[in-house]
Amino acid sequence: MRMSVYFAPTMKEAPAEAEVPSHKLLLRAGYIRKLASGIYEYLPLGLRVLRKIENIIRKYMDEAGALEVLLPILTPAELWQETGRWDVYGKELFRLKDRKNRDFALGPTHEETITDLVRKNIHSYKDLPKNFYQIQTKFRDEARPRYGLIRGREFIMKDAYSFDISEEMAVKSYEIMKETYHKIFSSLGLDYIMVEADVGAIGGKYSHEFVVKVPNGEAHIVYCEKCGYAANVETAKYEFELDKLPPEDEKPLEKVYTPNVSSVEDVAKFLNVDTKKIVKTLVYILSDGRKVAVLIRGDRELNETKLINYFKVLDCRLATSEELKEMNIVEGFVGPIGLNLPIYADISVKDLHNFVIGANEKDYHFINVNIPRDFEPIEFVDFSTARENDPCPVCKAPLKETTGLEVGHIFLLGTKYSEAMKAYFVDKDGKEKPIIMGCYGIGVSRLMAAAVEQSYDENGIIWPEEIAPFKLMILPLNIKDEKIKNKAEEIYKKALDLGIEVLIDDRNISAGAKFKDADLIGIPYRIVIGRKLKDGIIEFQKRTGEKEEISINDIDNLLEKLK
RNA sequence: CGGAGCGUAGCUCAGGUGGCAGAGCACGUGCCUUGGGAGCACGGGGUCGCAGGUUCAAGUCCUGCCGCUCCGACCA
């Protein structure tokens, strides 16, 4: 491709609205443009990257035996009503009406549609297993689109759905997808990690996330370098046995005056005790209306996902100041003794001695509290958010913490959708049974951003070779110099003949501008043809920084290597 | 959805107390230049987000709306 006729509008400055590196660079380098919040146009360069990513995904999905389909984006409300998600999905679901006033939704995901296809066309165990996938635009009316391609309202996703005759076979399908995802993400040239994940609202038995490691990512994960354990902090087990304080003799319970001292830090300072000996009492309202008190050691953070899962509710939240007042609870001095609420405790509170709690009275705390002498929780449960240096739940080595971007998520769904939508098959024994499902997503457009987040410098993008829009860029520094121009054209033609994806900057602009644009766009390899041509020398550069001067006689060898 | 901020040329932004719409970059033409976003000259480009109000006069003050971004909640 020739830059002189291409469309890659670069910008010296990033638009003020762009905050994160991938957003700024993809805009500046002419890969994308914004149409509206969370809605982007893919320019020629951007589309090439998308296609590269898609093709890698396709290759491994096909290899795994998955069958590519293309489902409608526009889906009738009836399907969503069947599974109840028309109501549950909420405002995130883009809804619209047709001319006859019928309700439709723009597909945010396609469990309903694919299950409908399967129930209408697959009836026997002989037709199973099946795995269908598609690469398609998805719509979610996000409350807060952000970070460019990372969280959009319209985005491109690969979604796949497996259908099996038994739990055992479904697990097998799941494992095949897990392997396939490993192949895909390593082929994309990305530094990623697979972690255990929460199943979330989509439901199901278990789930893994594939997370590209980037600084300041949205996903918080802990992992063990020793044994390979890795999990989202939402779901990572807290191994408290190794985090316990040494046993102590019980001291007599005492109420102490702690004027205006309520936060854990303040109480620790005021009473001169370790935050590990202070116990926070949090009052939560569950989505089914229940109110509970949850105790957790002062140095730990409560994990609401674990709370939701334990109480088997959809959601939970901390009680507001007003609600506490209505319950006659003294905010800032809440404690389990004399509290008229069901009391649950995080395992961090177990075997804790002589600790501090609120006295349910303004400006007072109890010290030297002991379980079960002074009160007894209903149950000790793992409610803690895992964090760096916690012992690994598998091998006890200290965990590492990192952040990343979730780019893939796989779920073993079970029969949630097949039962709701009556997707049954007749088994060998003649009995009708629900099909066991799995679903598997990859954020294609988000991957494009994730790749940039992982690999860039102050001058621009540094694409992994696997997904770069072009492999080679040729820079004739002075197009008015016939010799330079002709040599560049000659190399360009050779590269094309060899099937190398090559971009030549044949524009009549200054050398500096060509270098700046080339750095910004981030093509992995570069041949620079300038002054030294008269000595028979051209330069071969990698976007990562290495440069070497080579003789024009070695060009054929060089191109052969790039093939 | 809660909190904060912003909206003036394609982009980045300046335009105290109300008084002729601005700069740099980008764009066009010409000259010159070609190893890190060169220089000179000339030129084109605006519904100052929208609507209403106050005023002799509004980019500027007031009200409402819209859009965009950030923090949080949410997020298969």
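Modeller: Arg58 and Glu54 sit 4 residues apart in helix α2, which is about one turn of the helix. Helices (H or I, at least four residues) and strands (E, at least two) are DSSP runs here, numbered from the N terminus. The two side chains form a salt bridge, with their closest N and O atoms 4.0 Å apart. By salt bridge I mean a side-chain nitrogen of Lys or Arg within 4 Å of a carboxyl oxygen of Asp or Glu.

Before going on, a word on the ground rules. This is a predicted model, in which local features need pLDDT of at least 70 and side-chain atom pairs count only at pLDDT 80 or more, while totals for chains, interfaces and linings use all residues. Residues are numbered from 1 along each chain as its sequence is written, chains are lettered from A and ligands numbered from 1 in the order in which they are written, and side-chain values use heavy atoms, with hydrogens and water left out.

An automatic or database domain assignment divides chain A into domain 1 (21–237 + 401–452), domain 2 (241–381) and domain 3 (470–562). The C-alpha centres of domain 1 and domain 3 are 40 Å apart. Their contact (heavy atoms within 4.5 Å) draws 7 residues from domain 1 and 4 residues from domain 3. About 610 Å² is buried between these two domains, 59% of it on carbon and sulfur atoms. Buried area here is the accessible area (1.4 Å probe) that two parts lose on being put together, summed over both.

What holds charges across this interface? The rule finds 2 salt bridges between domain 1 and domain 3. Glu501 and Arg48 form a salt bridge, their closest N and O atoms being 3.1 Å apart. Domain 1 and domain 3 also have 3 residue pairs in polar contact, both residues at pLDDT 80 or more. A polar contact is a pair of N or O atoms within 3.5 Å; within protein, one must be able to donate a hydrogen and the other to accept it, and residues adjacent in sequence count only if both atoms are side-chain atoms. On the side of domain 1 that touches domain 3, the elements giving two or more residues are α1 (21–28) and α2 (44–63). Our helix α2 gives the largest share, 3 residues. By class, that side has 4 nonpolar, no polar and 3 charged residues. Ala, Val, Leu, Ile, Met, Phe, Trp, Tyr, Cys and Pro count as nonpolar, Asp, Glu, Lys and Arg as charged, and the others, Gly among them, as polar.

Lys306 and Asp382 meet at 3.0 Å, N to O. This pair links distant parts of the chain, 76 residues apart, with Lys306 in helix α8 (residues 304–311) and Asp382 in the loop between β20 (379–381) and β21 (400–414). Lys306 is buried, at 10% relative accessible area. Lys563, by contrast, counts as exposed at 56%; Lys563 pairs with Glu560, the closest N and O atoms lying 3.5 Å apart. Glu560 itself is partly exposed, at 43%. Salt bridges can also join up into a network, as they do for Arg2, Glu489, Lys493 and Asp506.

Thr83 belongs to helix α3 (residues 77–83), and a polar atom of the Thr83 side chain lies 3.3 Å from the backbone oxygen of Trp80. Beyond its neighbours within four places in sequence, Thr83 is in contact with Glu112, Tyr417, Ala420 and Met421. Ser455 lies in the loop between α11 (444–454) and β25 (456–457) and is partly exposed, at 22%. The side chain of Ser455 reaches the backbone oxygen of Ile462 at 2.6 Å.

Notes
Buried < 20%, exposed > 50% of the residue type's maximum accessible area, 1.4 Å probe, protein only.
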